[in-house]
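This briefing covers the strands, the helix packing, selected residues and the backbone of one model. The structure comes first, and the notes follow by topic.

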Amino acid sequence: MREGTTRYVEMQTGRRPHTGRDWWTARLATAAELELLRLEGPAAVAEARHVAYDAEGRALTYEVGVSPGGRWTRTDEYSMTD
């Protein structure tokens, strides 16, 4: 989707994202992931999960991404003031 999953769901339903939650983990790839990512096993992968919630706290989108170890990066930027 050119506009991204969350924006697409917003356009289709009228529900706007309000907050999001992300989880990251590293683990060994499953057999299917080894094949899809063309990796030699055993191999590490990074898994990212994202949930966007509307203003009422209802889940709007849920996404899971899996990347080969060594081929991803995570950057966070945030305020450290009161």
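Strands β1 and β2 pair in the antiparallel sense over 10 bridges; two strands pair if DSSP finds at least two bridges between them. Helices (H or I, at least four residues) and strands (E, at least two) are DSSP runs, numbered from the N terminus. The model is predicted: local features need pLDDT of at least 70, side-chain atom pairs count only at pLDDT 80 or more, and totals for chains, interfaces and linings use all residues. Residues are numbered from 1 along each chain as its sequence is written, and side-chain values use heavy atoms, with hydrogens and water left out.

**Sheet**

- The open sheet has 3 strands in the order β1-β2-β3, with antiparallel pairing.
- Its edge strands are β1 (19-28) and β3 (59-68), each of which pairs on one side only.
- On average, neighbouring strands of this sheet are turned by 15 degrees against each other, direction ignored; axes are lines fitted to C-alpha atoms, for helices over the stretch in contact, and angles run from 0 to 180 degrees between N-to-C directions.
- Strands of a sheet pair through backbone hydrogen bonds, either parallel or antiparallel.
- Between β2 (residues 44-53) and β3, the antiparallel pairing extends over 9 bridges.
- D22 stands opposite H50 in β2.
- In β3, P68 is the bridge partner of V45, G65 stands opposite A48, and Y62 is the bridge partner of V51.

**Residue A48 in strand β2**

- A48 is found in strand β2.
- At a relative accessible area of 28%, A48 is partly exposed; buried means under 20% relative accessible area, exposed over 50%, and partly exposed in between (1.4 Å probe, protein chains only).
- Leaving aside neighbours within four places in sequence, A48 is in contact with W23, W24, E63, V64 and G65, where contact means heavy atoms within 4.5 Å.
- The C-alpha atoms of A48 and V66 are separated by 6.5 Å, with the two residues 18 apart along the chain.

- Helix α1 lies across β2 and β3 and runs at about 160 degrees to β3.
- E10 lies in helix α1 (residues 5-13).
- E10 counts as buried because its relative accessibility is 14%.
- Not counting residues up to four places away in sequence, E10 touches R15, R16 and P17.
- R15 is found in the loop between α1 and β1, and at 24% relative accessibility it counts as partly exposed.
- Beyond its neighbours within four places in sequence, R15 is in contact with E10, D54, R58, A59 and L60.
- R15 and D54 are 39 residues apart along the chain, and their C-alpha atoms are separated by 6.5 Å.

**Nonpolar core and rings**

- The largest nonpolar core has 5 residues, namely A29, L34, L39, A43 and V45; such a core is a set of buried Ala, Val, Leu, Ile, Met, Phe, Trp, Tyr and Cys residues joined through side-chain atoms within 4.5 Å.
- L39 touches L34, V45, P68 and R71, not counting residues up to four places away in sequence.
- R74 lies over the face of W24, at 3.6 Å from the ring centre; a charge sits over a ring if NZ of Lys or CZ of Arg is within 6 Å of the ring centre and within 35 degrees of the ring normal.
- The count of aromatic pairs is 0, where rings of Phe, Tyr and Trp (its six-membered ring) pair if their centres lie within 6.5 Å, with planes under 30 degrees apart counted as stacked, over 60 as edge-to-face and the rest as tilted.

**Backbone geometry**

- Most residues other than glycine have a negative phi, and most peptide bonds are trans.
- R38, which is not a glycine, has a positive phi of about 55 degrees.
- R38 lies in the loop between α2 and β2 and is exposed, with a relative accessible area of 77%.
- P42 is placed in the loop between α2 (31-36) and β2.
- The peptide bond joining G41 and P42 is cis, with omega at about -10 degrees.
- The hairpin of β2 and β3 has 5 residues between the strands, and in it G57 takes a positive phi near 85 degrees.
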